[in-house]
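Take a first look at the sequence and the 3D structure below. Then follow the chain through a few of its local features.

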Amino acid sequence: DCNGQADEDFVPTTTATTCGVGACAALAVTACVNHLMTETCTPGAPAANDATCDGIDDDCSGQADEDFESTSTSCGVGACQSTGGTACMIGVVTSTCIPGTPSPETGCDGIDNDCNPATPDVLDGDGDAATCKTDCDDSDPSIYPGAPEINDAKDNQCPGDLGYRLIDETSGDSGFHAPGGKSEYSWPAQIAASSYEVAVATSPDFANSCQTARTDEPQWTDVELPNAGEVFYYLNRPATPFAGSWGVRSSRVERTVSCSALAPSRGR
């Protein structure tokens, strides 16, 4: 343009040529140097590390987010509570924590088994109307405070109950209940018992003249009467389907009885 300068109106433009990687990538630009068209490309400055989970290779190493540091995480509630950690997945921070599997609520364990704070512990796990806070076995409906003894080879009572630690013992008043009768010995029937055993002795420790008999009913008639000044002592227990306890001595030790079979001429 004959103004004394050459190429002074040349305008640099970007080209398809690139240099650098990641955040350092740049496009080349054209330049007019000594009347020749040239390209120049200057990469950007890398960051000190690539710890930010942004999907960008900040430190221009050829990898993105490789310096990301995981932190611990937790998830789930109650029995489903679990731990995990954070992870960087394609520029997004995610958690590797997987909650546990819920299960039905159980009685009085203080654990949110079904992982739902809105549903409390089952208060009666076996349906015997005794809450799990007082029931000594909340998995068995035949065992609860004050339960009757059942002939089932188990102790149906709980601590504090009369008969606790005894198995299949009879309970209640046993004696001679027939008005005016002195020979019919009877006792409360026990649930599920089909026969009973009676022990008769002349000493309270059942060590003297001790004999036993069986009966299908919760009663037994002793046709023999004690001599003058003599006392007969009686015990009873279930015999079938399970042999029960003879009860306890005054020392609270469970009683053991070893007697001979009663003679057929005595009792029925």
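Buried means under 20% relative accessible area, exposed means over 50%, and partly exposed lies in between (1.4 Å probe, protein chains only). The areas come from the Shrake-Rupley method, and for residues only the protein chains shown count as cover. The model is predicted, so local features need pLDDT of at least 70 and side-chain atom pairs count only at pLDDT 80 or more, while totals for chains, interfaces and linings use all residues. Residues are numbered from 1 along each chain as its sequence is written, and side-chain values use heavy atoms, with hydrogens and water left out.

Start at the beginning of the chain. Strands are DSSP runs of E, at least two residues long, and helices are runs of H or I, at least four long; both are numbered from the N terminus. Cys2 sits in the segment before β1. Cys2 is exposed, with 87% relative accessible area. Its phi is near 55°, a positive value in a residue other than glycine.

Glu8 is also placed in the segment before β1, which spans 14–19. Is Glu8 buried or partly exposed? At a relative accessible area of 31%, Glu8 is partly exposed. Glu8 belongs to a surface patch of negative charge, together with Asp1, Asp7 and Asp9. Patch residues have over 30% relative accessible area and no salt bridge; like charges are joined within 9 Å, and nonpolar side chains (Val, Leu, Ile, Met, Phe, Trp, Tyr) within 5 Å. Asp and Glu count as negative and Lys and Arg as positive, while His and the chain ends are not counted. Each charge is placed at NZ of Lys, CZ of Arg, CG of Asp or CD of Glu.

Now move to Cys19, in strand β1. Cys19 is buried, at 16% relative accessible area. What does Cys19 contact, leaving aside its neighbours within four places in sequence? Contact means heavy atoms within 4.5 Å. With those neighbours set aside, Cys19 is in contact with Cys24, Ala25, Ala26, Cys41, Thr42 and Pro43. Leu36 is 17 residues from Cys19 in sequence, and their C-alpha atoms are 21 Å apart in space.

His35 lies in the loop between β2 (26–33) and β3 (36–40). His35 is exposed, with a relative accessible area of 63%. Its phi is positive, about 65°, although His35 is not a glycine.

Next come the charged pairs. A salt bridge puts a side-chain nitrogen of Lys or Arg within 4 Å of a carboxyl oxygen of Asp or Glu. How many salt bridges does a search of the whole structure find? It finds two.

Lys154 is partly exposed at 30% relative accessibility, whereas Asp140 is buried at 12%.

Glu197 and Arg237 form a salt bridge through their side chains, at 2.9 Å from N to O. This pair links distant parts of the chain: Glu197 is in strand β9 (residues 195–201) and Arg237 in strand β12, 40 residues apart. Glu197 is buried at 11% relative accessibility. Arg237 is buried too, at 18%.

Pro241 lies in the loop between β12 (233–240) and β13 (260–261). A cis peptide bond joins Thr240 to Pro241, with omega about 0°.

Methods: Areas by Shrake-Rupley, 256 points an atom, 1.4 Å probe, with all protein chains shown as cover.
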